[in-house]
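Hello,

Here is the structure I promised to pass on.

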Amino acid sequence: MPLLSFIRRNASQTLAVYWLLVRITVPIAILTELFSRMGAVRALAPAFAPVMNLVGLPPELGLAWLTGMLVGIWGAVPLVFTLVPAASLSIADITVFSALILFAHGLPIEQKIIQKAGPGMVATTLLRVGGGLLYAFLLHHVLAATGWLAGPAAPVWLAAGAAPDWGAYLLNLAETMGWMFVILIVLSFGLELLKAAGLMDLMMAALSPVLRLAGIRGEAGQLTAIGLFLGISYGAGLLIREAQSGAIAPRQIFLSCVFMGFAHSVIEDTIVVMSLGADLHGVLTGRLAFAVAACAAIAALLRRLPDSEPAQPVA
């Protein structure tokens with residue numbers, strides 16, 4: 001039966017993507033947590049203090065930024081007000097710091113997933129970190145010049161800094177991977193149903209003008225939209241399958257991954273940093289505008305380069 005054949009084929013492809021994500025995510029997550037608990041992150045943090053000065057932040061926040069890049073947003077959030085009292089930070093400080101970790105967080109896991117889709121890990125990592133620094137630098141100077149957001153930080157909540165024991169950590173990791181499986185299955189079949197019903201075309205019609213400005217077109221735009229709302233693990237995870245099939249041009253895959261690196265999981269991540277006291281326009285509106293402009297510039301540069309053999313996704 002065609003329906004059963006479709007279900008089996010789609011489920012098999014999704015399971016293959018999920019197993020690939022498990023093999024990437026679980027070992028790197030455990031190793032990163034181990035290094036963090038051994039004090040390696042804290043030992044390296046002072047080297048990042050000059051960068052904090054560049055964007056007008058207290059040097060102590062270098063540890064939180066480094067933790068965010070290695071562990072993820074939820075690794076950085078508990079450290080912020082532990083390292084620097086909330087009373088000594090402004091809304092502008094929290095907004096600039098939030099921009100830094102929104103651009104580049106959980107890099108060992110997310111960049112490995114992006115690499116599996118085809119783009120080189122070094123290039124896309126440098127773009128994410130460099131893009132975040134450039135945006136934070138510009139944002140800091142705009143806020144400093146205008147006095148906008150100069151009021152004291154008013155966090156909605158202060159995250160507890162105590163880390164769970166290994167048993168609790170592994171349980172949380174298992175729950176995360178379980179939810180990832182559920183979401184991937186729902187996304188995979190939901191995407192096909194939306195395509196069949198014609199709803200995907202309507203959704204993309206609303207987003208396509210913005211994505212076209214960034215140089216992203218066709219099916220790459222659909223998967224970029226998934227990453228924009230749900231995160232790199234899902235957007236780039238599904239992009240892996242399309243890259244392996246050759247259905248999307250390598251340059252479109254690269255631009256999609258770059259855009260997702262600049263702006264992804266915009267609902268959940270934005271809510272998290274706003275709970276710290278970050279300003280919505282600084283961490284969402286401005287970031288999206290920067291992502292579109294930066295990707296448009298990269299797309300223009302790519303059009304000037306000669307075509308080359310497409311990079312094959314890493315097995």
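Below are my notes, going from the whole chain to single residues.

A word on the source: this is a predicted model, in which local features need pLDDT of at least 70 and side-chain atom pairs count only at pLDDT 80 or more, while totals for chains, interfaces and linings use all residues. Residues are numbered from 1 along each chain as its sequence is written, and side-chain values use heavy atoms, with hydrogens and water left out.

**The whole chain**

The protein chain has 15 helices and zero strands. (Helices are DSSP runs of H or I with at least four residues, strands are runs of E with at least two, and both are numbered from the N terminus.) Its radius of gyration is 20 Å, close to the 20 Å that the globule rule gives for 315 residues, so the chain is as compact as a globular protein of that length. That radius is taken over C-alpha atoms, and the rule is 2.2 Å times the number of residues to the power 0.38. Along the principal axes, the C-alpha trace spans about 65 × 50 × 35 Å.

Of the 315 residues, 49% count as buried. Here buried means under 20% relative accessible area, exposed means over 50%, and partly exposed lies in between, with a 1.4 Å probe and protein chains only. Of the contacts between residues at least 6 apart in sequence, 78% join residues at least 24 apart; a contact means heavy atoms within 4.5 Å.

**The salt bridge**

How many salt bridges does a search of the whole structure find? It finds one, counting a side-chain nitrogen of Lys or Arg within 4 Å of a carboxyl oxygen of Asp or Glu. The partners are E110 and R128, whose closest N and O atoms are 2.9 Å apart. This pair links distant parts of the chain, with E110 in helix α7 (residues 107-117) and R128 in helix α8 (residues 121-146), 18 residues apart. E110 counts as buried because its relative accessibility is 12%, and R128 counts as buried because its value is 2%.

**Helices α4 and α5**

Helix α5 (residues 73-83) is mostly covered, as eight of its eleven residues are buried. Among them are I73, G75, A76 and L79. The buried residues of α5 pack against α4, α6 (91-103) and α14 (268-275).

In helix α4 (residues 61-70) you will find T67, which counts as buried because its relative accessibility is 7%. Setting aside residues up to four places away in sequence, T67 touches V41, G72, G75, A76 and L79.

L70 is also placed in helix α4, but it counts as partly exposed because its relative accessibility is 31%. Leaving out neighbours within four places in sequence, L70 is in contact with T32, V41, G106 and P108.

**V292 in helix α15**

Is V292 buried or exposed? V292 counts as buried because its relative accessibility is 14%, and its place is in helix α15 (residues 280-304). Beyond its neighbours within four places in sequence, V292 is in contact with V210, L213, A214 and F259. V210 is 82 residues away along the chain, yet the C-alpha atoms of V292 and V210 are separated by 7.2 Å.

Best wishes
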